[in-house]
Amino acid sequence: MNCRFISSRLSAFVDRELEMWEYVRIESHLAKCARCREELEAIRLIKQRVASLPERTPPADLQERLWDLCRRLEREEGALLPWRSRLFRVPPARLTVLGAAVVASVAVAAAVLLFQFQNSPSQTAGLEAAKELPGITEADQALDQRRNPLSGIPVGYSPEFAGR
Amino acid sequence: MSGGLAEITSRLRANKEELFEALLRETYTKAFHLALRLVGHTADAEDLVQETYLRAYRFFHRYDPQLPFTNWLYKIMTNTHIDQMRRKGKVKTISLDETHPETGAVMDFPDTALTPEELVLSREFEADIQDALNQMTPEFRIAVLLADLEGLSYEEVSEIMGTSIGTVRSRIHRGRKQLRDFLVKRNPARYGARSEQAWEGAENSDAGGDGS
């Protein structure tokens, strides 16, 4: 086991976060390697210095200010029971944005439909042209559509058209 | 029926408020301590603590009481800290003579039993270490502070940071190396000139463990 491997485990060694077999190997290496012992001490010192950073006293009114903010959040959003707030209480600002989004979507959809309707020459154009011819009824149009173009005999001829 | 339901709902909310207020009262001093060491400045620490508790309050319904509340709070705080660091996009320098932003009072030191010379030395050590912490990669700083300042196990740190234990081990070790390198560079006489050689092995051999 070389110094490089040992070095990478020394922090975990100091923190007692290794498997038992690793302790045994590292300890036996440390017993004969001054450089790794020195590094171990450096790590211990850094850990100790961070751990002993003094606790500063927070500002006297911090707790009160924090709680006031939470209470305000509760008043505005009903944060503690979110299922209730989502069902019954949508903030007015969000409602306005939501409403604007819906109106905009409907307007865009309507514009798209209108555009398609005006520019579509198929189906609708044929019907419009047929209506302009005198004496042609809807029943006549239906009959035309049913007639077999080869024989001239109406396909599926039925009595309802016989009297014409 | 609906009156009864409304009353229960209102009681539920009152209970939750009461519980959260009690948790806040019990934890805010510790939370401020960690926040101060994470950001290095009282005003920024207050911002971090404030944002942390607001998020905790908003997501209190997701808190699992089987876990320690502080661990859950630190998870929120460290995520908030990383978010804030990304927003700011830079590392702030700290002021050594911190004063309260409103009252102008100098912050208290609890170790008043020290002699004036010891107090000066203690303040210098603290300023050096805080400066070094400020220079660290945020993920390394968080891992080192959770382990050394809060005394948490690697498993707890990994839960808080949402990473594997191998990653935590690597971050703590490399974090301590960053700290020591900075201190040695700043004051070789005080912290020892030897740095690069002794830590050389740590740099690459553990890189595989940092799988985040």
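A: A:C3 is partly exposed, with a relative accessibility of 28%. Here, buried means under 20% relative accessible area, exposed means over 50%, and partly exposed is in between, using a 1.4 Å probe and protein chains only. This is a predicted model, in which local features need pLDDT of at least 70 and side-chain atom pairs count only at pLDDT 80 or more, while totals for chains, interfaces and linings use all residues. Residues are numbered from 1 along each chain as its sequence is written, chains are lettered from A and ligands numbered from 1 in the order in which they are written, and side-chain values use heavy atoms, with hydrogens and water left out.

The cysteine sulfur closest to that of A:C3 is in A:C33, at 3.7 Å, which is too far for a bond. A:C36 has its closest cysteine sulfur in A:C33 as well, also at 3.7 Å and too far for a bond. A:C36 is buried, at 2% relative accessibility. A disulfide is a covalent bond between the sulfur atoms of two cysteines; the test applied is a pair of cysteine sulfur atoms within 2.5 Å. Searching the whole structure gives 0 disulfides over all chains.

Now the aromatic residues. A pair of aromatic rings is described by the distance of the centres and the angle of the planes. Rings of Phe, Tyr and Trp (its six-membered ring) pair if their centres lie within 6.5 Å; planes under 30 degrees apart are stacked, over 60 edge-to-face, and the rest tilted. Over all chains there are 12 aromatic pairs. One of them is tilted: A:F13 and A:Y23, with 5.6 Å from centre to centre and 50° between the planes. The two residues are 10 apart, A:F13 in helix α1 (residues 3-14) of chain A and A:Y23 in helix α2 (residues 20-30) of chain A, so the pair links distant parts of the chain. Helices are DSSP runs of H or I with at least four residues, strands are runs of E with at least two, and both are numbered from the N terminus. A:F13 is buried, at 5% relative accessibility, and A:Y23 is buried at 9%. The charged end of A:R16 sits over the ring of A:Y23, 4.7 Å from its centre. For this, NZ of Lys or CZ of Arg must be within 6 Å of the ring centre and within 35 degrees of the ring normal. In chain B, the charged end of B:R190 sits over the ring of B:F125 at 5.2 Å from its centre.

B:Y63 and B:F69 make an edge-to-face pair, with centres 5.4 Å apart and 90° between the planes. Both B:Y63 and B:F69 are buried.

A:W67 lies in helix α4 (residues 62-77) of chain A and is buried, with a relative accessible area of 11%. Leaving out residues up to four places away in sequence, A:W67 touches B:E17, B:F20, B:E21, B:L24 and B:Y57, where contact means heavy atoms within 4.5 Å.

B:Y53 is in helix α2 of chain B and is buried, at 1% relative accessibility. Beyond residues up to four places away in sequence, its contacts include A:L66, A:C70, B:F20 and B:Y28. Helix α2 (residues 42-58) of chain B has 17 residues and reaches 24 Å from its first C-alpha to its last, close to the 24 Å expected at 1.5 Å a residue; the expected span is 1.5 Å times one less than the number of residues. Its buried residues include B:L48, B:V49, B:Y53 and B:Y57.

B:F20, B:Y53 and B:L146 touch the most other members of the largest nonpolar core, which has 72 residues. Such a core is a set of buried Ala, Val, Leu, Ile, Met, Phe, Trp, Tyr and Cys residues joined through side-chain atoms within 4.5 Å. Its largest share, 10 residues, comes from helix α1 (residues 2-39) of chain B.
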